[in-house]
Amino acid sequence: MAKKKETPASPFVPVEEQPYQVPDNWCWTKMQNIAQWGSGGTPSRRNPLYYQGVVPWIKTGELNDGYIFETEEHISDEAIAHSSAKLFPVNTIAIAMYGATIGKVGILGIEAATNQACACGVASSAVYFKYLFYYACSEKDNFVKLGKGGAQPNISQEIIKAHEIPLPPLPEQQRIVSCIESLFAKLDEAKEKAQAVVDGFEQRRSAILHKAFTGELTEKWRNENGVELDSWKKRKLRECGDWYGGGTPSMVHPEYWNDGDLLWVTSKDMKSDVIEDTLMHTNMTGVENSSTNYIEKPSVLFVMRSGILRRTFPIAMVKVPFTINQDLKAISPVDDLDLEYFFWVCKNAEKRILDSCMKNGTTVESINAKALMEFEVPIASQSEQKEIISCIISLLSKEQQAKESAEAVLIQIDTMKKAILARAFRGELGTNDPAEEWAGEMVKLPGSK
């Protein structure tokens with residue numbers, strides 16, 4: 001009996017399985033039918049010569065939802081010959097399949113190899129490579145949902161190949177891409193301005209504090225009140241209040257921590273100007289059985305020992321009773337020093353303190369306590385301190401509002417981009433010509449000529 005000839009599977013998605021309706025001259029197909037897919041590999045690190053070549057080698061962290069022209073590492077032709085790494089042509093679409101980068105997309109602006117975590121699609125004649133790129137960008141959330149595994153979820157190349165894609169006629173694909181890029185260009189211009197506001201916040205805050213503690217902010221107030229700038233005095237930090245150290249109640253004694261209602265401040269808590277709560281709380285039993293101190297008076301806190309001191313010198317204030325661990329110091333200001341004034345004057349000196357008081361040659365970054373005690377800050381009269389605080393709070397409040405507004409704009413722009421992409425792949429941008437030939441004529445089964 002003659003063997004029955006098998007009918008090839010249709011390259012089109014059945015109507016009942018199509019995610020949404022598209023124009024009549026579009027079709028739904030699978031991504032495997034409009035691109036040739038493959039992945040890369042990682043040459044052995046045991047052979048350093050493999051990483052001394054000129055072939056760009058892309059990892060998922062370098063996928064930037066845009067063109068890729070530069071790579072961190074390069075490999076040799078020999079590395080490609082002795083590994084699963086492959087060379088992909090310009091305009092290949094790369095999609096991240098592993099870990100936190102799942103769904104990130106890039107266009108190869110150069111001939112390059114990738115690691116095994118990238119699924120690489122070379123567009124066929126049925127699809128404009130930029131159309132495939134923008135569609136992949138629009139599907140990032142869906143790819144993330146398809147991820148399997150624990151801490152490092154992943155999707156397979158097979159999942160990407162089997163993913164549905166709405167396909168318009170080729171001229172319409174090009175019009176869609178042109179429309180997307182035109183709209184995105186306007187949004188990117190707005191995004192750049194909003195990002196500049198966000199990025200410049202710290203610099204503007206530093207400028208406000210500099211003006212505050214050089215007397216510029218309150219110059220008018222001094223003229224109106226007959227106060228001279230020479231009324232300001234330099235004072236060493238050791239003269240500014242009562243200093244306290246801290247400690248850690250033993251962790252092997254749960255009774256030192258159970259039902260704890262006392263803030264126990266560590267460097268991990270020093271992330272805001274005012275500390276209102278902490279990650280851990282102790283109790284008076286813990287205080288009485290350790291070297292930490294129960295401090296009732298409002299204070300300013302300094303991180304004295306932490307890896308974070310490589311970058312910044314955290315300073316904060318706390319206004320409720322608290323305790324600290326051994327990596328912090330606390331100072332409760334003397335009566336003629338307003339707590340907030342003292343906090344801000346120290347905050348203004350943060351970089352200078354870090355530069356002049358950092359210990360050298362220690363395994364963990366730390367501040368020299370003696371040098372810190374000798375550090376001098378400008379102290380205004382009590383009445384001018386209040387005026388300075390008022391000016392700082394007013395100006396920083398406006399800057400904070402501007403930053404938050406800019407951050408809201410950034411979120412809105414990302415939302416608008418997603419909405420544009422969603423409309424684009426539903427044929428809702430107003431660019432479709434129903435007279436153009438049905439897109440299905442261009443689609444071929446995988447492996448067909």
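**Exercise 1.** In which loop is N91 found?

*Solution.* The structure is a predicted model, in which local features need pLDDT of at least 70, side-chain atom pairs count only at pLDDT 80 or more, and totals for chains, interfaces and linings use all residues. Residues are numbered from 1 along each chain as its sequence is written, and side-chain values use heavy atoms, with hydrogens and water left out.

Step 1. N91 belongs to the loop between β6 (87–88) and β7 (93–96). Strands (E, at least two residues) and helices (H or I, at least four) are DSSP runs, numbered from the N terminus.

Step 2. The phi of N91 is near 80 degrees, a positive value in a residue other than glycine.

Step 3. With a relative accessible area of 26%, N91 is partly exposed. Buried means under 20% relative accessible area, exposed over 50%, and partly exposed in between (1.4 Å probe, protein chains only).

**Exercise 2.** Describe the backbone and the exposure of D65.

*Solution.* Step 1. D65 is placed in the loop between β3 (55–58) and β4 (66–68).

Step 1. Its phi is near 55 degrees, a positive value in a residue other than glycine.

Step 2. The relative accessible area of D65 is 37%, and D65 is therefore partly exposed.

**Exercise 3.** Determine how helices α2 and α5 pack.

*Solution.* Step 1. Helix α2 (residues 129–138) and helix α5 (residues 170–199) pack at an angle of about 55 degrees, and their axes are 9 Å apart. Axes are lines fitted to C-alpha atoms, for helices over the stretch in contact, and angles run from 0 to 180 degrees between N-to-C directions.

Step 1. The two helices are therefore oblique to each other. Angles under 35 degrees count as roughly parallel, over 145 as roughly antiparallel, 65 to 115 as roughly perpendicular and the rest as oblique.

Step 2. The crossing of α2 and α5 is left-handed, a term for a near helix turned anticlockwise from the far one by less than a right angle.

Step 3. Contact means heavy atoms within 4.5 Å.

Step 4. By class, this contact of α2 with α5 has six nonpolar, one polar and two charged residues. Ala, Val, Leu, Ile, Met, Phe, Trp, Tyr, Cys and Pro count as nonpolar, Asp, Glu, Lys and Arg as charged, and the others, Gly among them, as polar.

**Exercise 4.** State which residues of α5 are buried and what they pack against.

*Solution.* Step 1. The buried residues are E172, Q173, I176, V177, I180, F184, L187, A194 and V198.

Step 1. These buried residues of α5 pack against α2, β11 (164–167), α6 (201–212) and α12 (382–424).

Step 2. A190 is also found in α5, but at 35% relative accessibility A190 counts as partly exposed. A190 and V409 are 219 residues apart in sequence and 8.4 Å apart in space, C-alpha to C-alpha.

**Exercise 5.** Characterise the crossing of α9 and α12.

*Solution.* Step 1. The axes of helix α9 (residues 339–348) and α12 come within 9 Å and cross at roughly 65 degrees.

Step 1. The crossing is left-handed.

Step 2. From α9, E340, Y341 and W344 meet Q385, I388, I389, I392, I393 and L396 of α12.

Step 3. The contact of α9 with α12 divides into seven nonpolar, one polar and one charged residue.
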